[in-house]
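Me: I would like to learn how to read cores, strands and pockets from a set of coordinates. Please take one model and go through it.

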Amino acid sequence: MNIFVLIGHQNQGSFCHAITATAIEELEAAGHEVVYHDLYAEKFDPILPHEEIPRGAKLDPVVEQHCREIQAADGFVIVHPNWWAMPPAILKGWLDRVFRQGVVYQFGPGGVETLLDGKRAVVFTTSNTPRDDELRLYGDPLENLWRACVFGMCGVDDFYRRNFESIILSTPEQREAWLGEVRAIIRARFPA
């Protein structure tokens with residue numbers, strides 16, 4: 001399988017980067033081809049110019065490359081922290097520019113037509129707020145965003161998300177156990 005892996009975290013030493021490295025290691029060990037992008041390391045421009053909005057518009061070459069890679073992918077692994085119940089702005093801007101009409105969905109006579117049918121996605125997120133507090137105060141907005149608003153709208157029904165929390169209160173032993181979960185999730189969702 002061809003798996004598109006994307007991280008939106010500014011700190012190379014972060015637990016998000018450890019998750020990403022672990023996921024890539026498991027994917028490659030299973031014989032999958034991995035296309036990897038680190039939005040911060042690559043200095044991806046998240047600003048969507050008005051000229052890029054119309055379908056068929058001339059795209060920035062980097063955006064065009066990402067669009068081709070998304071269309072060619074059999075599956076997706078996205079990793080990011082939870083910032084104010086949202087992904088970091090760089091990742092939201094990437095969605096605006098890359099998950100676009102004609103690439104992941106289109107409008108037809110019956111409304112929205114999905115273009116990523118039959119593909120699968122795994123999203124790993126991290127947060128500092130303890131899970132019970134997060135659910136009590138806010139529900140789980142990232143689950144809805146990724147499952148329904150992003151991947152669901154594009155036809156990806158095979159979806160799984162795991163949030164790791166509280167990062168700020170976690171021990172090295174907890175983090176190591178969590179990376180074991182990442183390995184197991186990747187093996188289960190993207191078998192050899």
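Reply: What follows treats the cores, then a strand, then the pockets. This is a predicted model, in which local features need pLDDT of at least 70, side-chain atom pairs count only at pLDDT 80 or more, and totals for chains, interfaces and linings use all residues. Residues are numbered from 1 along each chain as its sequence is written, and side-chain values use heavy atoms, with hydrogens and water left out.

Me: Which residues have the most contacts inside the largest nonpolar core?

Reply: A nonpolar core is a set of buried Ala, Val, Leu, Ile, Met, Phe, Trp, Tyr and Cys residues joined through side-chain atoms within 4.5 Å. Buried means under 20% relative accessible area, exposed over 50%, and partly exposed in between, with a 1.4 Å probe and protein chains only. Here the largest core has 31 residues, and Ile70, Trp94, Phe99, Trp146 and Phe151 have the most contacts inside it. Among the elements that each supply at least two of its residues are helix H2 (61-72), helix H3 (89-98) and helix H5 (141-154); helices (H or I, at least four residues) and strands (E, at least two) are DSSP runs, numbered from the N terminus. Another core, of 22 residues, lies apart from it and includes Leu27, Val122, Ile167 and Trp178.

Me: Why is strand E6 described as largely enclosed?

Reply: 6 of the 7 residues of E6 are buried, so the rest of the structure largely encloses this strand. Two strands pair if DSSP finds at least two bridges between them. E6 runs parallel to E3, with 7 bridges joining them, and parallel to strand E7 (residues 158-164), again with 7 bridges. Pro81 stands opposite Thr126 in E6, while Phe124 has Arg162 in E7 as its bridge partner.

Me: How are pockets found, and what lines the largest pocket?

Reply: Rolling a probe the size of a water molecule over the atoms shows where empty space is left. On a 1 Å grid over the protein atoms alone, a pocket is an open set of points where a 1.4 Å probe fits, with protein on both sides within 12 Å along at least five of seven lines; lining residues have an atom within 4 Å of a point. The largest pocket is lined by 19 residues, with Asn82, Trp83, Thr126, Ser127 and Asn128 nearest its centre.

Me: Which helix gives the most to the lining of the second largest pocket?

Reply: H5 gives the most, with 5 residues. Phe99, a residue of the core described above, is also one of the residues lining this pocket.
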